[in-house]
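Please keep the sequence and the structure in view while reading.

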Amino acid sequence: EKGKIPEKLVRCIYEIRILTCFGEGLQVFSCVSCGREEELSHFSIHRGGCLCHHCRNQSYDSVRLSDSTLYTLQYIVVTPIEKLFNFLVSEEVLAQLMKISRSYLARNIREELKSLEMLQVMEQ
């Protein structure tokens, strides 16, 4: 409401959290391939989460993930809703969040959500 947080970031937070509510949450605390919790360096939309440095080549759509983006994803997934809308991210992190959230949402949610339509209008 106060315009402190960019609408694009609000949308990313919403998309990531709604996926969790639908049981399609992102795996961002361990490697989706081997379970390792260290050296998470890539993300796979197809696999639904992070890949460690050792497993990064096991997915055709693996993309490099900055440490800041990984931390932001983890923060969004575990932080209570009332505390989620009080942080900002760099343009680089926002771009990665947008790519991840929109691609993963498109892959896993078959119907267009009315609330997302409202957020799209706000962004224009």
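## The nonpolar core

A nonpolar core is a set of buried Ala, Val, Leu, Ile, Met, Phe, Trp, Tyr and Cys residues joined through side-chain atoms within 4.5 Å. Buried means under 20% relative accessible area, exposed means over 50%, and partly exposed lies in between, with a 1.4 Å probe and protein chains only. The model is predicted: local features need pLDDT of at least 70, and side-chain atom pairs count only at pLDDT 80 or more, whereas totals for chains, interfaces and linings use all residues. Residues are numbered from 1 along each chain as its sequence is written, and side-chain values use heavy atoms, with hydrogens and water left out.

Which residues touch the most other members of the largest nonpolar core? Among its 32 residues, they are Leu 26, Phe 43 and Leu 73. H1, S1, S2, H2 and H3 each supply at least two residues of this core; these helices (H or I, at least four residues) and strands (E, at least two) are DSSP runs numbered from the N terminus. The largest share, seven residues, comes from H3. Apart from neighbours within four places in sequence, Leu 26 is in contact (heavy atoms within 4.5 Å) with Ile 16, Phe 43, Gly 48, Leu 73, Ile 100 and Tyr 104.

## The sheet

Three strands form an open sheet in the order S2-S1-S3, with antiparallel pairing. Strand S2 (49–52) and strand S3 (63–64) are at the edges with a single partner strand each, so one side of each has no neighbour in the sheet. Two strands pair if DSSP finds at least two bridges between them.

Strand S1 (residues 40–44) is joined to S2 by four bridges. Within this pairing, Ser 44 has Gly 49 as its bridge partner, and Phe 43 has Cys 50. The hairpin of S1 and S2 has four residues between the strands, and Gly 48 in the turn has a positive phi of about 85 degrees. Two bridges join S1 to S3, where His 42 stands opposite Arg 64. Five of the five residues of S1 are buried.

Glu 39 is found in the loop between H1 and S1. Its phi is near 55 degrees, a positive value in a residue other than glycine. Most residues other than glycine have a negative phi. Glu 39 is partly exposed, with a relative accessible area of 45%.

## Helix H2

Buried residues of H2 include Leu 70, Leu 73 and Ile 76. Their cover includes helix H1 (7–21), S1, S2 and helix H3 (91–108).
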